[in-house]
Amino acid sequence: MSRTTENLSSPQSTQTSASQTQPSKNGQLLDQVDKLRESRRRLREEVGKVIVGQQDVVDLLLLGLLCRGHVLLHGVPGLGKTLMARTLSSTLDLKFKRVQFTPDLMPSDITGTDVIEEQEGGGGHQLKFVPGPIFTNFLLADEVNRTPPKTQAALLQAMQEHEVSVGNTTYELDPPFFVVATQNPIEMEGTYPLPEAQVDRFMFNIRVRYPTIQEEADIIRGTTGTDTFEPSAVLSAADLLQLQEIVRSVPVSDDVIMYAARLVAATRPRLSDRGATMVGSEVEMVRKYVTYGASPRAGQALVLAGKARAVLEGRYHVDFADIAALAHPVLRHRLVLNFHGRADNVDSDDVIDALLKAVKEDVS
């Protein structure tokens, strides 16, 4: 009898509980958004103690980390790419390791290998796995295009699967796992450019620019004296894992998702085999200069990065401006230009500029 009474009253009690819980949940989410925004401010301050300028690059690195993505830094030597990565890992209190990629680097040099060791007491020998530098939270792959494709593939497999296979055993990588790879656009002799399918594994391709004259003067002044600065940790690994979950819970409207989908579709110069109409057929620069456009992975990256950008700015919703602001780092390495593009000195950023003008936010 008591069981029947309990069942009859449960819908009402559940409804009451839900109405009381929903505002509480929303309040917790808003508090977490505020916490992340404050963490970003403190992180900028700590990074600014070591790095002069490059705020956009630091923000994109943080976005990639919050989205569980990986980042490719593209810039000439001496712009502080390595220092930026190391400083960011210090402010996040993450295990950091750096690998200098060279032509003689083997996959086992980064993944680890089995070694034979003698058992205690002289009871024979056994295999023991010695982890490589990839078993960390924050991995800097310096000049990733200097190493052969076999070693590149071992790194990129770990990036995609978050695990390493050695022999017949698979080892899980501890989260968070974040890879920052650097590429040098000069001295291309003796390099192994990443294939397009592997470059697509990176969420962002960030171009590190030269500093302004004032920033360069500040760099010279700060690095030629006796003062040294060490950044303090702002977030722990546990905090970061929680914030990654918050980013994925940010709602996105159907209109914003459709805008991201149309923007990605507009990068494709030809109609699909199934005859679906692509906006790309209407963009002159795409038809003229692009051989292959972006994959659906680009749309996923745009929306997920848009969520992280919105939260970092204190908003719990994604706007069209978030998608447009991230189009260049998400799309530039996913467009394959043809000979005409190279001959006319057109790069992928020029094509993306044309796409942002041609693809409207609202088609209604």
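Trainee: What relative accessibility does Arg41 have, and how does Arg41 count on that scale?
Mentor: Arg41 has 40% relative accessibility, so Arg41 counts as partly exposed. Buried means under 20% relative accessible area, exposed means over 50%, and partly exposed is in between (1.4 Å probe, protein chains only).

Trainee: Before we go on, where do these values come from?
Mentor: This is a predicted model, where local features need pLDDT of at least 70 and side-chain atom pairs count only at pLDDT 80 or more, while totals for chains, interfaces and linings use all residues. Residues are numbered from 1 along each chain as its sequence is written, and side-chain values use heavy atoms, leaving out hydrogens and water.

Trainee: Okay, back to Arg41. Which residue does Arg41 meet in a salt bridge?
Mentor: Glu45 is the partner, with 2.5 Å from N to O. A salt bridge here is a side-chain nitrogen of Lys or Arg within 4 Å of a carboxyl oxygen of Asp or Glu.

Trainee: And how far apart are Glu45 and Arg41 in helix α1?
Mentor: Glu45 and Arg41 are four residues apart in helix α1, which means about one helical turn separates them. Glu45 is partly exposed too, at 44% relative accessibility.

Trainee: Which residue does Arg297 form a salt bridge with?
Mentor: Arg297 pairs with Asp200, and the closest N and O atoms are 3.2 Å apart. Arg297 belongs to helix α11 (residues 296–312), while Asp200 is in the loop between α6 (196–199) and β9 (204–207), so they tie together parts that are 97 residues apart in sequence. Arg297 is partly exposed at 29%, whereas Asp200 is buried at 12%.

Trainee: How many salt bridges are there in the whole structure?
Mentor: The search finds 18. Some link up: Arg207, Arg209, Arg332, Asp347 and Asp349 are in a network of salt bridges.

Trainee: New topic: where is Ser348?
Mentor: Ser348 is in helix α15, which covers residues 348–358. With 6% relative accessibility, Ser348 counts as buried.

Trainee: What does Ser348 touch, not counting residues up to four places away in sequence?
Mentor: Arg207, Arg332, Leu335 and Leu337, where a contact means heavy atoms within 4.5 Å. Remember that Arg207 and Arg332 are part of the salt-bridge network.

Trainee: Can we zoom out? How many helices and strands does the protein have?
Mentor: There are 15 helices and 11 strands. They are DSSP runs numbered from the N terminus: helices are H or I, at least four residues, and strands are E, at least two.

Trainee: And what share of the protein counts as buried?
Mentor: Of its 364 residues, 43% do. Among the contacts with a separation of 6 or more, 77% come from residues 24 or more positions apart.
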